[in-house]
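Q: Before we look at particular features, could you show me how each of them is to be read, giving the general idea and then the case at hand?

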Amino acid sequence: MIRPALAAAQAWIERTATGRAILLSGRLAMADLNRDRLHFLCTAALIAGVLAPLLILMGVKAGVTETLTDTLNRDPATVQISIQGNHALTPEDMEEIRAWPETGFVEPATRSLARTVTLRSETSRRFEEARLQPTGPGDPLLPAGLVVTGEQVALSHSLARRLSIGPGDRFEAIVRRGEDLREVWRLGLDVVAVLQRGQMNGNAVLATPILMDEIEAFIDTYALPHHGITRGDDLSERIVSYENMRLYAVDIFQVAALEQRIEDRFTLVATSEAARIARDLGLSDSLGLALAVILGAALIGLSAALVSSLWASVQRKRVTLSILALSGVPPLSLALFPAIQALVIAVTGTLSGFAIFALGAGVAEGLFAGRLSADQTLVVMPAVTVLSVILGMIALASLAAAAASVRAMRSDPALVIRGDTT
């Protein structure tokens, strides 16, 4: 496929006047750059010297933004929405919230009274009061892929330490009901995970909403035949209602939207870290604005330098270009002469700039290696940024080439040779 395309391009170049003009301009431009190598290399070095620091700044800005975003997203507390007060939410409400695109995780919670249980461990032989919290698939506090089911639970770090238990151990939850609290349900629970320190403060137990609902039903004097509790009201007559929920946004960019939506839909008060997220991301935006100002100023200077360099090159070669014009070289070839040189210089300088950037990025990564996690990087260069830089440099070279081409075509060959014009 490539060879036929090259053959067709060669045939077009040799057959058309425009193609021959481009080919002639390319040969002349490359021969001139080879003869005047010092000027060529100095101009390319100028581009690389200006571009490389800008690329490093852009890479650091992108890396800092990516690391900041990743750090905020990794902390479940950052994307959590806390619901204030007690409410009457239905299973249908939970399904509606779960279907929202802003929702990353949601599970319903029973009444506060039913969320407090007494725990007893054979290992420690002590009793601890703990609060139940709902969990489910995709819980941001649990390891990826781990799902708590049935009578399995996950414990907060402090509670596991107090009970002297860990994953694989079994302990007992004691639930009481009745006016004199004499009726007791001793429920055996299996520990499948212990949360990291600071993920959930105090004595907390992550359990399934089904298990929490059964505990609430027991406290409300309903019978639970599948647990061997036959005394009490018929469970089928019970109306399921939730007092609260555990709610997390899908990412930091949806926290404010989810908080607002939950308040508007259910007329309740919600709190989140939306203000802190906006403040942290605002710092990144300010850094981006400052970098844009620096980049703009540098590109203006680089444009002026490239235009003046090519203009001066055409000025020095006026007599040579005039002789070529009088020898029958087409005006289009003379106009393309500085354009091709500008493109070659820009490409060489840009590639050199990226090479220096890669070297600088490696040094910077080495200096900050101890301050970043294994999957974080200080310097990031997105593909869209690379493409933008390349296109920008081509546009800059085109601007410089246009100015030089105008200068080359405006000169009268006869007058230039006689020295009657500047």
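A: Helices (H or I, at least four residues) and strands (E, at least two) are DSSP runs, numbered from the N terminus. Glu 365, for instance, has its place in helix H10. This is a predicted model, in which local features need pLDDT of at least 70 and side-chain atom pairs count only at pLDDT 80 or more, while totals for chains, interfaces and linings use all residues. Residues are numbered from 1 along each chain as its sequence is written, and side-chain values use heavy atoms, with hydrogens and water left out.

Q: Why does Glu 365 count as partly exposed?

A: Buried means under 20% relative accessible area, exposed over 50%, and partly exposed in between (1.4 Å probe, protein chains only). Glu 365 is partly exposed because its relative accessible area is 22%. The C-alpha atom of Glu 365 is separated by 6.0 Å from that of Leu 378, a residue 13 positions away along the chain.

Q: How many salt bridges does the structure hold?

A: A salt bridge is a side-chain nitrogen of Lys or Arg within 4 Å of a carboxyl oxygen of Asp or Glu, and the structure holds 17 of them. One of these joins Asp 220 to Arg 111, with the closest N and O atoms 2.9 Å apart. This pair links distant parts of the chain, 109 residues apart, since Asp 220 is in the loop between helix H6 (209-219) and E9, and Arg 111 is in the loop between strand E2 (103-109) and strand E3 (116-120). Asp 220 is partly exposed at 25% relative accessibility, and Arg 111 is likewise partly exposed, at 28%. Both belong to a network of salt bridges that links Arg 111, Asp 213, Glu 216, Asp 220 and Arg 238.

Q: Is Arg 177, which forms a salt bridge with Glu 183, buried or exposed?

A: Arg 177 counts as buried, because its relative accessibility is 3%, whereas Glu 183 is partly exposed at 23%. In this salt bridge the closest N and O atoms are 2.8 Å apart.

Q: Which residues make the nonpolar surface patch?

A: Patches are made of residues with over 30% relative accessible area and no salt bridge, like charges being joined within 9 Å and nonpolar side chains (Val, Leu, Ile, Met, Phe, Trp, Tyr) within 5 Å. Here a nonpolar patch of about 600 Å² is made by Leu 343, Val 347, Leu 351, Leu 387, Ile 390, Leu 391 and Ile 394. Helix H10 (331-367) and helix H11 (383-410) each supply at least two of its residues, and H11 gives the most, with four. Ile 390, which lies in helix H11, counts as partly exposed at 35% relative accessibility.

Q: What is the volume of the largest pocket, and which residues lie nearest its centre?

A: Rolling a probe the size of a water molecule over the atoms shows where empty space is left. On a 1 Å grid over the protein atoms alone, a pocket is an open set of points where a 1.4 Å probe fits, with protein on both sides within 12 Å along at least five of seven lines, and lining residues have an atom within 4 Å of a point. The largest pocket has a volume of about 400 Å³, and among its 23 lining residues Gln 80, Gln 199, Met 200, Arg 246 and Tyr 248 lie nearest its centre. Strand E1 (80-84), strand E4 (127-134) and strand E9 (244-249) are the elements that give two or more residues to this lining, with E9 giving the most, five.

Technical notes
Areas by Shrake-Rupley, 256 points an atom, 1.4 Å probe, with all protein chains shown as cover. Points joined across faces, edges and corners; volume = space filled by probe spheres on them.
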